[in-house]
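Thanks for coming. I will go through a few helix contacts and then the totals for the chain.

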Amino acid sequence: MAVTVFQFGDYKLDCGRFELYRAGRSVKLERKPMELLVLLAARNGHLVSRAEIAEHLWDKEVFVDTEHGINTAIRKIREVLNDDPAQSRFVQTVTGKGYRFAAPIVEVRTAATEERRLSPGESRNRRVGDTPVAAAPDGFPVQNAVAEADAKSPGTVETLRSSRPRRWIRLGIWLAAAGAFALVAVAASVGARSLRDRSLNRAAASKIDSLAVLPLDNLSGDPGQNYFADGMTDELTTMLAKNSTVRVVSRTSAMQYKGVHRPLREIARELGVDGILEGSVERSGDKVHMTIQLIQASSDTHVWAESYDRGGNDVVSLPREAAQAIAKRLNSAVPHPASVRYVSPEAHDAYLQGLFYWFMAGGSDDRAKSYFEKAIQLQPDYAAAWSGLGDVIAVSAVAGNAPPSEAFAKAEPDIRKALALDDSLPEAHNAWAAVYLFHAWDWQRAEAESRRSIELNPNYAEGHHIRAYTLWVQNRDAEALQEQKLATGLAPLDRPHALGSAYLYLRQFDAAIRELTAQTQFRRDFWTQFDLSEAYELKGMDREAAEHMAQAYLAGNDERSAAAIRLAFKEKGLRGVSEWLLNVQLAQVGKKYVSPWILAWNYAHLQRKDETLAALEEAYKERSPWLVFVQKEPVFDFLHGDERYRSIVRRVGLPPAY
């Protein structure tokens, strides 16, 4: 008896055995995704609409949320085929329509050992062996051999037989003959299955104490709408963190998985969460269609799914509405304000573009700033836009890209405006805490504002991170370490170096090396390698210190600097590396702003006391933000006995730690 086998790339799809193989090894794929894969392969190049897929995979008589079911099946197919939807080799998305199988297919009919390559869209009317086969209404072959396949694999019947109308006619005749008792039995069976499924979903939901919102797929067919999908992801994450007691991983950490098609269990394990929220968004004009689904990661169990269609002003409130529904499903909802401030769709769209460039497009400060300003022009009472604008400007000072007094003078009015418009914004309180910490040098007010941001959103990783800073400068080291651990747990990929840096502040160099080395397994990051270099240097392991400094620059794709560092170490040891780093900074003086704090740090590595103290004095005069950590950085320990150093500590207002 002939059985159809499709071959494409390294894969073989055996319809008779209902199995997928790669390089001769069986690949696990669940039943519904397998049925869909067979359907797509059989259509070879022809479009299969979402309506056809729903008709094929699920009976009309049984309620199923087909939107999230199709999305899940496609995702699982792409996972096993290692298929990137952005550059698909196999399953191609036709925006707003459905899917098609894009790869060339070789059809093998096992009984006759006949093999031929099908052209895309070739008619499926043909003969299998000596058995006539006619194309079913959906284009899928109905074989007389289906009974044999049925006996071999329970899933095969549903895959190979697509003439559902005839099957349901037969069922109707059987029910009529069997009478009312059978009807009751079937109803009881369906009811029991429904009850069981609801019970399983409730059990799965009860196990979700932590959650990551993966980037929503942009199904608009326009890459220019990526900012909208990412912005909706960001707002959904924020609203879920504020409306739920569940721990929600930060947007920045979850965004690392944008376009990454890997098993959800792996992603959940790396992010340290129990549940995953995934979905898609499609915008056409002022109409938005969003589909999201909640998955219990360890068992890959679907807990909840919903589709939303909104237009006009309703789009702005969509993330909040969805977040509240999810929180309710997880039995973790918290009280929220009854009224929500009006935001115009145009201002909201500009704000989302500002978020996109600020958080998700390489930290493009100028473009983010321009879009936040546009949002404010469109709606002057838009508090979140004022907060974003102030944050962008303040961070330019903290990052050492602008003179601090100038930048903070511009940022403060924007942050004040945001708080005056909406005192419930955790981001604005956190930005205000940073102003008190890094510029006003007022530790108590910095801590109070930081605490307020966490009260408003306990899942706010950046709030815990800034709070840790306010505690470090007060020498409350144990509390600071705990806050940083909380921040790292909520945002494991935002600052992979942060916890390692905390151990450096504590002079626990071995712990720092263990933590930072563990982080290098997940991503290439400049600051993680930079801090590893620092830790090895402080332990006296010069070769390792030099190599990790080179690796830091390689993480930024700067091969020339990495080569220069290795050459400097070869010629003059670690001192040569420190001299190279200092000379790079000195060469920029006069060409662009160079923070005296950075120069002090480099001089300190060379133990050049007078130059170090002179640079620290300049840092004090311009109120360099990082001067508040002068006692925490081990590189300055050799100055503790110098009265000039102690004078700087007193004038900054730091409690002495020497």
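**Helix packing in a predicted model**

I start with helix α1 (residues 31-43) and helix α3 (residues 66-81), whose axes come within 9 Å and cross at roughly 80°. Axes here are lines fitted to C-alpha atoms, for helices over the stretch in contact, and angles run from 0 to 180 degrees between N-to-C directions. On the α1 side, Pro33, Leu36, Leu37 and Leu40 meet Ala73, Ile74, Lys76, Ile77 and Leu81 of α3; contact means heavy atoms within 4.5 Å. By class, the residues in this contact of α1 with α3 are eight nonpolar, no polar and one charged. Nonpolar covers Ala, Val, Leu, Ile, Met, Phe, Trp, Tyr, Cys and Pro, charged covers Asp, Glu, Lys and Arg, and the others, Gly among them, are polar.

A word on the source. This is a predicted model, where local features need pLDDT of at least 70 and side-chain atom pairs count only at pLDDT 80 or more, while totals for chains, interfaces and linings use all residues. Residues are numbered from 1 along each chain as its sequence is written, and side-chain values use heavy atoms, with hydrogens and water left out.

The second pair is helix α13 (residues 365-378) with helix α14 (residues 383-398): their axes come within 9 Å and cross at roughly 155°. So α13 is roughly antiparallel to α14, the term for angles over 145 degrees. From α13 the contact takes Asp365, Ala368, Lys369, Phe372, Glu373, Ala375 and Ile376, and from α14 Ala385, Trp386, Gly388, Leu389, Val392 and Ile393. In the contact of α13 with α14, nine residues are nonpolar, one is polar and three are charged.

Next, how many of the 10 residues of helix α25 (residues 596-605) are buried? Nine are, so α25 is largely enclosed by the rest of the structure. Buried means under 20% relative accessible area, with a 1.4 Å probe and protein chains only. Among the buried residues of α25 are Trp597, Trp601, Tyr603 and His605. Their cover includes α22 (526-538), α24 (559-586) and α26 (609-621).

Finally, the totals. The protein has 27 helices and 18 strands; these are DSSP runs, H or I of at least four residues for helices and E of at least two for strands, numbered from the N terminus. Of its 658 residues, 53% count as buried. Among contacts between residues at least 6 apart in sequence, 59% join residues at least 24 apart.

Definitions and conventions: Buried means under 20% relative accessible area, exposed over 50%, partly exposed in between (1.4 Å probe, protein chains only). Angles under 35 degrees count as roughly parallel, over 145 as roughly antiparallel, 65 to 115 as roughly perpendicular and the rest as oblique.
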